[in-house]
Amino acid sequence: MNKLKRAGEWFEIKINESIANNTVFHILSSKLGVSKATIQKWNKEGSLRRNNTKADVNHQLRDRDILSIHLFKEEEFGVIPEKHDFSILYEDDHLIIIDKPAGMDTHPNHSDQVGTLANAVAYYYQTMGIQTRVRHIHRLDKETSGAIIFAKNDLAHTLLDQALQLKKIKRTYLAFVGGNLQPQKRTINKAIGRDRHHPTRRRVSPQGQQAITHYQVEHYDEKKDLSVVTLQLDTGRTHQIRVHMSYLGHSILGDGLYGGSIKLITRQALHSKMVSFTHPITLENINCEAELPKDMSAILR
């Protein structure tokens, strides 16, 4: 399998001698890493071809065959397109990485909701003539800014989902927390569950789901009594960084829900600074950094 390329609405895989004489299913699942559910979906929809003829998942492929997937067909957006400004950090046929503004939910909670980043992405797709479903790979809290990944087709979606589960997508956050955070470097492994006394708040709880956060203090501002911290996640629990920082007694500035001071900023000072991963299809190294937003950079000045 030495060539992968787009041909109109189809994605072509040229079979070479090293993987020939295997079934369509084996090549897609074992060689490309596609989930069983996605392969079955493609098979049911008639989205697989071998040398321009409809293929079944059990068909054997030979050297120099072309296996094609109807990957770029028109789909409903799944959300209502709505114009909002955002910056694009990276884009190709398979994925788009966006710098999410603070104050915007990642996606709607019901079909007719607007005002979210997903609505804005749908509008962007519409203006660019891209008719595909809006697929977020991970989420950011409404008041958290920064880099977030969306897949543009089924293949990228299933492979990026797997990469996220296998911790192959490195997400680096920057936060301003109150006080002089010590030690300078630590891993927090504390389970997080719902706070039964509040409808949206979470808390550290032995009965919750495992949550692992790694942090490192980059700078302590004695005058403002705040620590600038970079953080990385091994898990993706709701409010994970906010809960863990609050648990340590160093809540994120502006995070009123978890006890953060609102003197310097009125939304949580948390920013998705960078995402780094191997592109699941082209295999190139992707490193996208989102600039610190103005309200956070003003605190440092």
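The largest cavity has a volume of about 30 Å³, a volume being the space filled by probe spheres set on grid points joined across faces, edges and corners. In this predicted model, local features need pLDDT of at least 70 and side-chain atom pairs count only at pLDDT 80 or more, while totals for chains, interfaces and linings use all residues. Residues are numbered from 1 along each chain as its sequence is written, and side-chain values use heavy atoms, without hydrogens and water.

Trp42, His70, Leu71, Lys73, Glu75, Arg135, Asn153 and Asp154 form the lining; lining residues have an atom within 4 Å of a cavity point, that is, a point on a 1 Å grid over the protein atoms alone where a 1.4 Å probe fits but cannot get out. This lining comprises 4 charged, 2 polar and 2 nonpolar residues.

## Aromatic pairs

The structure contains 2 aromatic pairs, defined by ring centres within 6.5 Å, with planes under 30 degrees apart stacked, over 60 edge-to-face and the rest tilted. Phe86 and Tyr124 are edge-to-face, at 6.0 Å centre to centre and 70° between the planes. Because Phe86 lies in the loop between strand 7 (66-69) and strand 8 (87-91) and Tyr124 in helix 3 (residues 117-127), this pair ties together parts 38 residues apart in sequence.

The rings of Tyr124 and Tyr125 have centres 6.3 Å apart and planes at 50°, so this pair is tilted. Phe86, Tyr124 and Tyr125 form one aromatic cluster.

## Charges over rings

The charged end of Arg6 sits over the ring of Phe72, 3.9 Å from its centre (CZ of Arg or NZ of Lys within 6 Å of the ring centre and within 35 degrees of the ring normal). Trp10 has the charged end of Arg49 over its ring, 3.7 Å from the centre.

Technical notes: 1 Å grid on protein atoms, 1.4 Å probe; cavity = no way out; pocket = protein on both sides within 12 Å on 5 of 7 lines; lining within 4 Å. Nonpolar A, V, L, I, M, F, W, Y, C, P; charged D, E, K, R; others polar. Helix = DSSP H or I, 4+ residues; strand = E, 2+ residues; numbered from the N terminus.
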